[in-house]
Amino acid sequence: MKVFVLLVAALVGCAQAVVDGEFAEKGQFPYQVALTQKGKLRCGGALVHERFVLTAAHCLFDGENQVSEKGLRVFFGSERLMMGGQFRNVKTVHVHEDFDRGTFKYDLALLELNKPAQFSETVEAANVSETPYASEESVTFSGWGRTAEGENTTYKLKHTAFTTLTTEECQNYLGESFYEGALCFHNQEGHSSACFGDYGGPAVFENTVVGVASYTFEGTCGSEHPDVFVDAGFFHDWVQEKLVD
């Protein structure tokens, strides 16, 4: 139960979007997606195919109940949230079969769009890593989200750089919540982190999605605690299977 409380705090207690990040330029992150419901931001995501978005499974639940795809829309093609880009409805939701709502293990999902994205200089699919991420090279994380507790989401996309912790370091942080396929990222230069509205968004290395944001350890955005991601490369076969279907 303690783990569940901490995870809920990670989702509802954060105040800023990509804490201490920088604003994105036009077309800088053409794969970036905002998952919305009734005109409000739920999560981030990444376009990985003209008809599919990779995101976090928990973004598709309200408590114990999975939300209907009929109320979900995705936005992409602009660094300005829901301004000047493209919208698509969600046709089908694919939640990883082993996703655990209590521990957030296997927090991964694919959204099938009702019609293909129109590629352009500001819209482009990212690749999905074919292997688990084990590099010491920094990755880029981007997303929209709240700018302060109780305020509206930021209108402009932000980004920051993360480096990965070793598997041993990640295990030490997460304890029993660690699972094969989890990654821990942190920002070495300060307290930049993911936060509410950013989860589901991509960690990218050389236009390849290597991680999907799941939650912030102990629910404290902008602290020294790492952000927990799903290793996209570890689940590459699962992603490809859904794309083929």
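Start with strand 13: with 3 residues, strand 13 contributes the most to the lining of the second largest pocket. Strands here are DSSP E runs of at least two residues and helices are H or I runs of at least four, numbered from the N terminus.

The model is predicted, so local features need pLDDT of at least 70 and side-chain atom pairs pLDDT 80 or more, while totals for chains, interfaces and linings use all residues. Numbering runs from 1 along each chain as its sequence is written, and side-chain values use heavy atoms, without hydrogens or water.

**The pocket**

Stay with the second largest pocket, which holds about 320 Å³ of space. Select Tyr133, Leu165, Thr166, Thr167 and Leu183: of the 19 lining residues, these are the closest to the centre. Helix 2 (167-174) and strand 13 (182-186) are the elements that give two or more residues to this lining. Colour the lining by type: 11 nonpolar, 5 polar and 3 charged.

A pocket is an open set of 1 Å grid points where a 1.4 Å probe fits, with protein on both sides within 12 Å along at least five of seven lines; lining residues have an atom within 4 Å of a point.

**The cores**

Next, select Leu60 and Val209. Of the 60 residues in the largest nonpolar core, these two touch the most other members. A core joins buried nonpolar residues through side-chain atoms within 4.5 Å; buried means under 20% relative accessible area with a 1.4 Å probe. Strand 3 (40-49) gives this core the most, 5 residues.

Finish at the second, separate core of 12 residues, with Val139, Leu183, Ala194 and Ala213 among them.

Key:
Grid points are joined across faces, edges and corners, and a volume is the space filled by probe spheres set on the points. Ala, Val, Leu, Ile, Met, Phe, Trp, Tyr, Cys and Pro count as nonpolar, Asp, Glu, Lys and Arg as charged, and the others, Gly among them, as polar. Buried means under 20% relative accessible area, exposed over 50%, partly exposed in between (1.4 Å probe, protein chains only).
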